[in-house]
Structure formats: C-alpha cells, structure tokens
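Trainee: Could we go through this model together, one question at a time?
Mentor: Gladly, let's open it up.

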Amino acid sequence: MPGAFVSTDRIRSLFTEAMSQMYRTEVPQYGTLIELVGEVNAEVLAKDQELSERLRRAGELERIDVERHGAIRLGTAAELFTIRRLFAVMGMRPVGYYDLSVAGVPVHSTCFRPVEEAALNVNPFRVFTSLLRLELIEDQALRAEAAAILGKRQIYTPRAIALIEQYEKAGGLTEAEATEFVAEALETFRWHGAATVSAETYKRLHDAHRLIADVVSFKGPHINHLTPRTLDIDEVQRRMPERGITPKAVIEGPPRRNCDILLRQTSFKALEEPIAFSGATGTTSGTHTARFGEIEQRGVALTARGRALYDQLLASVRGEVQVGASGAKAGDYDAELAERFKALPDSWGDLRREGLAFFRYSATPQGIAAKGQLPSDPDVLIARGYLRFDPIVYEDFLPVSAAGIFQSNLGTDQQQNYATRSNRAAFEAALGADVQDELALYGALQAASLETAMEELGLSGPKLKTVA
Ligand code: OOG
Ligand code: NI
C-alpha cells in the first residue's frame, strides 16, 4: 500500500535531526558553534533586506536553520556500496567525484545529497563520503593487515540492512519503519571510544598516515564533523575565539565578495579524545584526533567556464603564497586572494551575461500582467523587469578546499603527495553506480526555470544567448 509510505524527505529530516542531537551531545563545541551561527545569521537577515528577500524567493530561507553537511571515511568497497543504498532511503544520491590523493590524502570521495530542487528546499543534508585507498599504502604487509582488519568489521546493524532491503523491495518505508531505520542507521555514525586494534597496531597505521589509523582502527566510520551554513563566515570566524573556539588560519575557497560564489569554509582543529586500545593483556589508554567543527558559506554555482576561471585564479594565489602550518602568511594570502579575484566579475548581472554562473529564472508579476504584449528576447525581458533571475546555490564541495580541511585536521606536517592517477572508475565500481555530474544538474535546473518562466509569460522557445 504505497499511500502508507513516508517521503524520503521526511526520513532525511528525521535522520538529520537525530544526527545533530547525537553530535551535540558528543561534541559540546558543536552546540556552541550552532548557537553562534544562528546569532550571526539572524543579524545578517535583519540588516540585509535584499538578501533575505532573495533567499525567501529561492526557498532557502526555511532551510538555513536545518542546513548541515557532514563527513565520513569508509574502509572498503562493500561499505561504500551499502552506504549508497542507505542514503537512497533518505533521498540522497552520489554527486561528483573528488580525488584527494593529489593533495596527499589517500582517499577519493563523493557527496551524497538530494538532487531535486523541492527536496533540497526541504532539507539539503549532504554527506561528504570518502573511501580509503589502501593501494596507496606502500608497505605490503601493512596493507594486507589493514585489509584483514577492515574485512572483519560490519559497520551496519543487521536491522538497518533489513530495513534497506525492505525499502528497496516495497518502494518505501512506513512511519514506524522510518523511525526504526533512523535509529539503526545512526549506529553506523556513532563515535567509539574503544579501538578494535592494539596501541601498537594503531601506531603503525598512524605512522603510514593518520587517516589510515582513523579509518582502520574503529568499529565504524564515526561522523567527523557536522557543518552549519552561515550567511557571514568572516563574522563567525571573528567571534569564534570569544566562545573559546580557535579557527584555522585562513578561510578556504574564494574571498569575500558582494556576490558570493561557490563555497567558503573554515574549521576548528580536531579534538584529542581518549581511546581504549585492545591488547592481549587487557586495554591500554591513549588518544585519537578525528572530530572537528566547521562552518560554511554558500554562494552561486558556477558554470564550467566560471569554474575554470575560479580554479585558475585560486591556483595562481596558492602558487604565490603558501600559508605555513602555524598560520604564517595568512594575511598575505587573504590579500592576494582578494586582489586576484578582481578578475572575476562581482555583480549578478555580469556573472549571468558572461555565462559564468547558474541562475533560476522567474516571471515577475508585471511580466505576467503584460502577457500577450511582450518581446520574446529574454535579455530584453530582464532589462524591462518582466523576467527575474536569482542565483542557484552551489550544493557541492571543492577538492582543494576539502584537502585543506582534511589537512588542517591531520597536521600540516604530513604533506605526502601520492604519485597516482585518480581512479573514478574504481570508485564507481565500488559504489555500484555512477556519480552524477553536478554541472549537468545545475544546468537542467536553470533550463527548467527559464522554460517555466517563459510559459508563464506566454512565450515559448527562445533560449538565452548567455545561458551556458
Ligand atoms: C572530509 C573533509 C572535506 C569539506 O567540507 O570539504 C569536507 C573529511 O575530513 O572527512 O568535509
Ligand atoms: Ni566539511
């Protein structure tokens, strides 16, 4: 009886809420961060009517308070295969492929997230999901040992698996099943203060790479951060120390601008947490650092052309100024970033005209009133106020930024670079599906919005010259 099923949006919202509660209890600094972000967001919205109106039109205003992304790191192909099925129950699909090995982190990743606009507006919860690349461990014996340890663990509860199968078979879950599913799925993301390995094994894994120890030594892939979205990242960064939180030296991503693009992120360092290691003669105590806090500010999604310009500008800044582990040269870096990014237009109109960013089109009330007597050129419609365009928010991640976030939590002293090619085919084979192309998703959203708007204006057919 399909009518009895709850929506995947509802299951995702229940899960996000449960996860947020769990993380708040486990990492009190996360609760502090949520409060600070809420405070700054409210101030920004009260001050900036234009922004608050734009967010309202885009359906983003309601989602800001529930908006989070998190991250996990998986150990085996089978774990990745099942996580895809688990996230599908919550309406989350793999989007994008990120190769972090180029930045010395032995993983490749995707982002699980909703893809439909309506679903994103209900709750855009995303999980940056990485798979360890054991083939990057040089020591053959250690590689085999890590694989054997991972091969023995089961990160999903039997009941979670049964409910995933039930969802796949029946095409949905009832409210009672959804509630149970959320509780069972949460177990996979829980922190474990007890390691499955001895202190000696942990040390060898850790010496190969801290990330390898993090993935291999535990019962499951603990969620390592949950990130709220802020409307003013510089202000939150500035106020963090007042709340006893120390942020990393520079904000990753583009500089502060009038028109926000892509994604800006900053984090605070991972906590050192007590761990009980298992041993032949009982447990020994030690520590492990994995869990941290992060905030993000999201801007407009860039087209392939805009993204190429972004990548080129960022690379030129990073080639010029290298920020040290202790934050030396952070000021130079920020100044250089602001200067070089002047090459990227900073008005919505220019970004649209030059085909650098994606926009959502809508017919204005004046346009709808004048239906039947309108010119058909969208640019003319825009100039005369009959057609409006609003930025489409970037829902994905940035590999250079992600590497920066990983590294600031792994210790910047550990900058190995793996001389290897990315391996998207292997990732997708493990996943059991292809990852979706994020640019195609934004392009389709833009095209559909234009088509609907033109229909509302009684015009059909013409395509915008500048639409990428
Ligand atoms: C993921 C780091 C990447 C982001 O926001 O770019 C990330 C991790 O540390 O597992 O979360
Ligand atoms: Ni993150």
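Trainee: Which residues does proline 228 touch, not counting residues up to four places away in sequence?
Mentor: First, a word on the source: this is a predicted model, where local features need pLDDT of at least 70, side-chain atom pairs count only at pLDDT 80 or more, and totals for chains, interfaces and linings use all residues. Residues are numbered from 1 along each chain as its sequence is written, chains are lettered from A and ligands numbered from 1 in the order written, and side-chain values use heavy atoms, without hydrogens and water. Proline 228 lies in strand S7, strands being DSSP runs (E, at least two residues) and helices likewise (H or I, at least four), numbered from the N terminus. Taking contact as heavy atoms within 4.5 Å, its partners are Ile34, Val37, Glu67, Arg68, Glu294, Ile295 and Glu296.

Trainee: Why does proline 228 count as buried?
Mentor: Buried means under 20% relative accessible area, exposed over 50% and partly exposed in between (1.4 Å probe, protein chains only). Proline 228 counts as buried because its relative accessibility is 2%.

Trainee: How far apart are the C-alpha atoms of proline 228 and valine 37?
Mentor: Valine 37 is among the buried residues of helix H2. Along the chain, proline 228 and valine 37 are 191 residues apart. Their C-alpha atoms are separated by 7.3 Å.

Trainee: Are histidine 69 and glutamate 294 buried or exposed?
Mentor: Histidine 69 is in strand S2 and glutamate 294 in strand S11, 225 residues apart. Both of them are buried.

Trainee: Where does asparagine 224 lie?
Mentor: Asparagine 224 counts as buried because its relative accessibility is 2%. Leaving aside neighbours within four places in sequence, its contacts include Tyr23, Ala71 and Phe292. Its place is the loop between helix H10 (210-216) and strand S7 (226-228).

Trainee: How many residues does helix H2 have?
Mentor: From first C-alpha to last, H2 reaches 30 Å, close to the 28 Å expected at 1.5 Å a residue, where the expected span is 1.5 Å times one less than the number of residues. Helix H2 runs over residues 28-47, and its count is 20 residues.
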